[in-house]
Amino acid sequence: MKNITTKKGYQYPMYVLGHLSPRSDVYSFGVVLLEIVTGRKSLDKSRPARERNLTDWAVPLLREKKKLINIVDPKLEGNYPIKDVNKAAMLAYHCLNRNPKARPLMRDIVASLEPLQEEK
Ligand SMILES: *[C@@H]1O[C@H](CO)[C@@H](O)[C@H](O)[C@H]1NC(C)=O
């Protein structure tokens with residue numbers, strides 16, 4: 001989960017795609033996506049109580065662009081296209097829907113990530 005982007009080479013979409021397989025569980029993928037975006041572990045006991053469980057803490061913040069900026073991995077130092085981060089956040093939000101039937105299909109996830117990769 002380190003060094004997912006560099007000053008010159010923005011590698012994040014490819015990195016995310018590397019975690020996908022047709023058999024991937026969509027919910028688990030949402031957790032991985034959240035880990036990538038925030039730079040946090042899914043469970044981090046060193047955090048304050050309300051931040052320990054990454055999904056509980058981050059999911060309500062994903063849809064609010066102003067709050068989203070605050071939860072993005074500080075190691076990225078703002079060095080990312082904000083619209084890509086928004087897109088990844090919305091994708092994670094949908095993958096983590098409590099209702100499994102409301103989650104996207106893996107092929108839809110791939111289809112939404114591929115354009116990000118091609119931009120670079
Ligand atoms: C975080 O909480 C959710 C319930 O809101 C639970 O399903 C999930 O397993 C928890 N994650 C971890 C890593 O414990």
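The largest nonpolar core of this predicted model has 28 residues, and those with the most contacts inside it are Phe 29, Leu 34, Leu 62, Ile 71, Leu 91 and Ile 109. Two or more residues of this core come from each of helix 2, helix 3, helix 4 (65-71), helix 5 (82-95) and helix 6 (106-118). A nonpolar core is here a set of buried Ala, Val, Leu, Ile, Met, Phe, Trp, Tyr and Cys residues joined through side-chain atoms within 4.5 Å; buried means under 20% relative accessible area, exposed over 50%, and partly exposed in between, with a 1.4 Å probe and protein chains only.

Because the model is predicted, local features need pLDDT of at least 70 and side-chain atom pairs pLDDT 80 or more, while totals for chains, interfaces and linings use all residues. Residues are numbered from 1 along each chain as its sequence is written, and side-chain values use heavy atoms, with hydrogens and water left out.

The protein chain contains six helices and zero strands; helices (H or I, at least four residues) and strands (E, at least two) are DSSP runs, numbered from the N terminus. Of the 120 residues in the chain, 42% are buried. Among contacts (heavy atoms within 4.5 Å) between residues at least 6 apart in sequence, 59% join residues at least 24 apart.

Arg 40 lies in the loop between helix 2 (26-38) and helix 3 (54-58). Arg 40 counts as buried because its relative accessible area is 16%. Its side chain makes a polar contact with the side chain of Glu 51 at 2.9 Å; such a contact is a pair of N or O atoms within 3.5 Å, in which, within protein, one must be able to donate a hydrogen and the other to accept it, and residues adjacent in sequence count only if both atoms are side-chain atoms. Leaving aside neighbours within four places in sequence, Arg 40 also touches Glu 35, Arg 47, Leu 54 and Trp 57, among the residues in contact with it.

Ile 69, in helix 4, is partly exposed, because its relative accessibility is 45%. Beyond its neighbours within four places in sequence, Ile 69 is in contact with Tyr 80 and Ile 82. The C-alpha atoms of Ile 69 and Ile 82 are separated by 8.3 Å, and the two residues stand 13 residues apart along the chain.
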